[in-house]
Amino acid sequence: MSPTGPRPQRRRSTTRRVGKQTVELGEAQRMESRARTVGLPLMFQKLAPYYDLFVAGKDYAGECRRLEALVRKYCRSGGRSWLDVACGTGRHLEFLQKAYTVVGVDVSPSMLRIARRRLPGVEFHRADARDLQLRRTFDVATCLFGTIGHLGREWEIRAVFERMADHLKPGGVAIVEPWIDPDNFRPGFIHLMSYDSPDTKLVRLSYSTRRGAHSVIRSHYLVGERGIGIRHLEETDGTGLLIPRDRLLEWIREAGLTARFLKRGLRPGTGLLVGVKPFGKSASGRALG
């Protein structure tokens, strides 16, 4: 499918697979799903043009080398197709496209506009990862940078795992960079991100608290631009579920993949979830060797 062509129309299901069961969605849950699609964090909406500046210190090239090494170790499907779920502005795909046929998916129109300008020859789709239906399979599927931390319900995380599994070839590998482990979450932590150039100054100051099983991140943004002035924006994101790694692994196995957790991740303290789709009808549930 062309990245700029019309998407096929499909009827939205009123049920949701959760593990091995199909659950009927109530109207409130369907409304929540639609609202969450448009209620994206500021960084993915109004501040999307500044996103790459905020994360300018992120080592995308080094992360892609690590990801490719894991694919060489675990992938057994024999091809070179790569699906990046929640691809953002396409920075990982910028490096991965050199060795793989890549496809990017994101729910944010603002982020996708940037990705398409960066990589005009790459296929991108606007889609919700919870009900992704590209009607094709890949050798690799990734979901990085703690994206599942923007999902506030267990069924949403499990749905993403199941959609990723559905889009893998037998022997294909899924790699997920999870949200913060409950044992590593630090209430009261203050985090500063900044960018400084002659024409643009950016600051994001965040304060973390916890409400039950959810992280709550309160952020203040300052955007200063030459000839325009200074803007102040603020938001509170309380969606992040703090889920133990063993539970996440259980959900990946229920999605039909063998699974393991790697302590060494792309960023300190997060690790990586790795799932492989078995050759056959269902996963055995055993850990990877």
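Student: So a salt bridge is a side-chain nitrogen of Lys or Arg within 4 Å of a carboxyl oxygen of Asp or Glu; which residues are linked in a network of these?

Tutor: Asp52, Arg91, Glu94 and Arg118 form that network. Keep in mind that this is a predicted model, where local features need pLDDT of at least 70 and side-chain atom pairs count only at pLDDT 80 or more, while totals for chains, interfaces and linings use all residues. Residues are numbered from 1 along each chain as its sequence is written, and side-chain values use heavy atoms, with hydrogens and water left out.

Student: OK. How many salt bridges does the count come to?

Tutor: The rule gives 15 salt bridges. One of the pairs is Glu94 with Arg118, at 3.5 Å from N to O. Glu94 sits in helix H4 (residues 91–96) and Arg118 in helix H5 (residues 109–118), so this pair ties together parts that are 24 residues apart in sequence. Helices (H or I, at least four residues) and strands (E, at least two) are DSSP runs numbered from the N terminus.

Student: Are Glu94 and Arg118 buried, exposed or partly exposed?

Tutor: Glu94 is partly exposed at 27% relative accessibility, and Arg118 is partly exposed at 28%. Here buried means under 20% relative accessible area, exposed over 50%, and partly exposed in between, with a 1.4 Å probe and protein chains only.

Student: And what does Glu154 form a salt bridge with?

Tutor: Its partner is Arg247, with the closest N and O atoms 2.3 Å apart. Glu154 belongs to helix H6 and Arg247 to helix H7 (residues 245–254), so the pair ties together parts that are 93 residues apart in sequence. Glu154 is partly exposed at 31%, as is Arg247 at 33%.

Student: What about Arg136, where's its salt bridge?

Tutor: Arg136 meets Glu123, and the closest N and O atoms are 2.7 Å apart. Arg136 is in the loop between S5 and S6 and Glu123 is in strand S5, so parts 13 residues apart in sequence are tied together. Arg136 is partly exposed at 31%, whereas Glu123 is buried at 13%.

Student: Switching topic: what order do the strands of the open sheet have?

Tutor: There are seven strands, in the order S5-S4-S3-S6-S7-S13-S12, with mixed pairing. The edge strands are S5 and S12 (258–262), each pairing on one side only. Two strands pair if DSSP finds at least two bridges between them. From one strand to the next the twist averages 15 degrees. Axes are lines fitted to C-alpha atoms, for helices over the stretch in contact, and angles run from 0 to 180 degrees between N-to-C directions.

Student: In which sense do S7 and S13 pair?

Tutor: S7 (residues 168–176) and S13 (residues 272–276) are antiparallel, over four bridges. Val176 stands opposite Leu273 in S13.

Student: Which helix packs on the sheet and touches S7?

Tutor: Helix H3 (residues 60–74) does, touching S3 (81–85), S6, S7, S12 and S13, where contact means heavy atoms within 4.5 Å. The direction of H3 makes about 145 degrees with that of S7. H5 lies across S4 (101–106) and S5, running at about 170 degrees to S5.

Student: Last one: what's the phi of Arg135?

Tutor: It is positive, about 60 degrees, although Arg135 is not a glycine. Most residues other than glycine have a negative phi. Arg135 is in the loop between S5 (123–126) and S6 (138–143), and is exposed at 58%. Phe145 also has a positive phi, near 60 degrees, and lies in the loop between S6 and H6 (154–166). Phe145 is partly exposed at 29%.
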